[in-house]
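Hi,

Here is the structure I promised to pass on. Have a look at it first, and my notes follow below.

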Amino acid sequence: MNNPLTTEQEKALVEAIRQAEILTSGEIRVHLEDHCPTPDPLDRAAQVFAELNMHKTAQRNGVLFYLAWQSRQFAVIGDAGINAAVPDDFWETTKENVLQLFRQEKYAGGLENGIRLVGEQLQRYFPYDAATDQNELDDSISFGGGTPQPPRK
C-alpha cells in the first residue's frame, strides 16, 4: 500500500486519537487503504469496523474513520451507542468538515479535525470514568484489509 501520510503525520494522528480518548470511554480508529473494494465506502467501513472488532466495546461507542485515498472515498461511522447519542446530522457534518481538508489533499489535517470533533462528542456523551474505563481498542492506524501495518522507522 502506498501510504499518503508521513511517519510524523501518522504519529500525530495516533496522538490525536489518544488525546481525544483521554476524557472519554469512547474508542476511535483510523483505517487507510489505497482503493475501496466496494462501490459504497460506508459498506467497506462497516466491514473494516467488524474486522477490527470495534463492535465489542462495552458501551458500543467506537468510531471508525475510513479512507481509501487513491480512489478518493471516505466514510466515518460509529457504533450503536454513539449513534443513539449524537445529533442526527453529526456524521454528515463531521464528514464534510474532514472532506474540506481532503479536497486540499490535507489528509492528516482532515483526519485530525474529524478526530477532534468526534472526541468532543464522545466526551460529552461517554465521559471518562477512572474506575471502569480502559483503552479497549488499539490506537494505531490500520492499513489494507484490516491488518495493522507495523510502525515505520
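**A pair of rings, and what surrounds it**

Phe-74 and Phe-102 are both buried. Before going on, please keep in mind that this is a predicted model. The two rings form an edge-to-face aromatic pair, with 5.1 Å from centre to centre and 80 degrees between the planes. Phe-74 belongs to strand E3 and Phe-102 to helix H4, so this pair ties together parts that are 28 residues apart in sequence. Ring pairs also join Phe-74 and Phe-102 with Phe-65, Trp-69 and Tyr-107 in a cluster.

Phe-74 shows up again in the largest nonpolar core, which has 31 residues: Phe-65, Phe-74 and Ile-115 touch the most other members. Helices H1, H4 and H5 and strands E1, E2 and E3 each give two or more residues to this core, and H5 has the largest share, with 6 residues. There is also a second, separate core of 12 residues, with Cys-36, Phe-49, Leu-64 and Ala-75 among them.

**Helix H2**

Which residues of H2 are buried? They are Pro-41, Arg-44, Ala-45, Val-48 and Phe-49. These residues cover an arc of only 145 degrees around the axis, which puts them on the same side of H2. The buried residues pack against strands E1, E2 and E3. Where H2 starts, a side-chain oxygen of Asp-40 comes to within 2.9 Å of the backbone nitrogen of Leu-42. After H2 comes Asn-53, which has a positive phi, near 55 degrees.

**Salt bridges**

The count comes to 6 salt bridges. Arg-18 pairs with Asp-139, and their closest N and O atoms are 3.7 Å apart. Because Arg-18 lies in helix H1 and Asp-139 in the loop between H5 and strand E4, this pair ties together parts that are 121 residues apart in sequence. Arg-18 is partly exposed, at 43% relative accessible area, whereas Asp-139 counts as buried at 7%.

Asp-79 and Arg-60 meet in a salt bridge as well, at 2.8 Å from N to O. Here the pair ties together the loop between E3 and helix H3 and the loop between H2 and E2, parts that are 19 residues apart in sequence. Asp-79 is buried, with a relative accessible area of 5%, while Arg-60 is partly exposed at 36%.

Glu-33, Arg-44 and Glu-51 are linked in a network of salt bridges.

Best wishes

Definitions and conventions
Residues are numbered from 1 along each chain as its sequence is written. This is a predicted model: local features need pLDDT of at least 70, side-chain atom pairs count only at pLDDT 80 or more; totals for chains, interfaces and linings use all residues. Side-chain values use heavy atoms; hydrogens and water are left out. Buried means under 20% relative accessible area, exposed over 50%, partly exposed in between (1.4 Å probe, protein chains only). Helices (H or I, at least four residues) and strands (E, at least two) are DSSP runs, numbered from the N terminus. The arc is that of the directions from the helix axis to the C-beta atoms. Contact means heavy atoms within 4.5 Å. A polar contact is a pair of N or O atoms within 3.5 Å; within protein, one must be able to donate a hydrogen and the other to accept it, and residues adjacent in sequence count only if both atoms are side-chain atoms. A nonpolar core is a set of buried Ala, Val, Leu, Ile, Met, Phe, Trp, Tyr and Cys residues joined through side-chain atoms within 4.5 Å. Rings of Phe, Tyr and Trp (its six-membered ring) pair if their centres lie within 6.5 Å; planes under 30 degrees apart count as stacked, over 60 as edge-to-face and the rest as tilted. A salt bridge is a side-chain nitrogen of Lys or Arg within 4 Å of a carboxyl oxygen of Asp or Glu.
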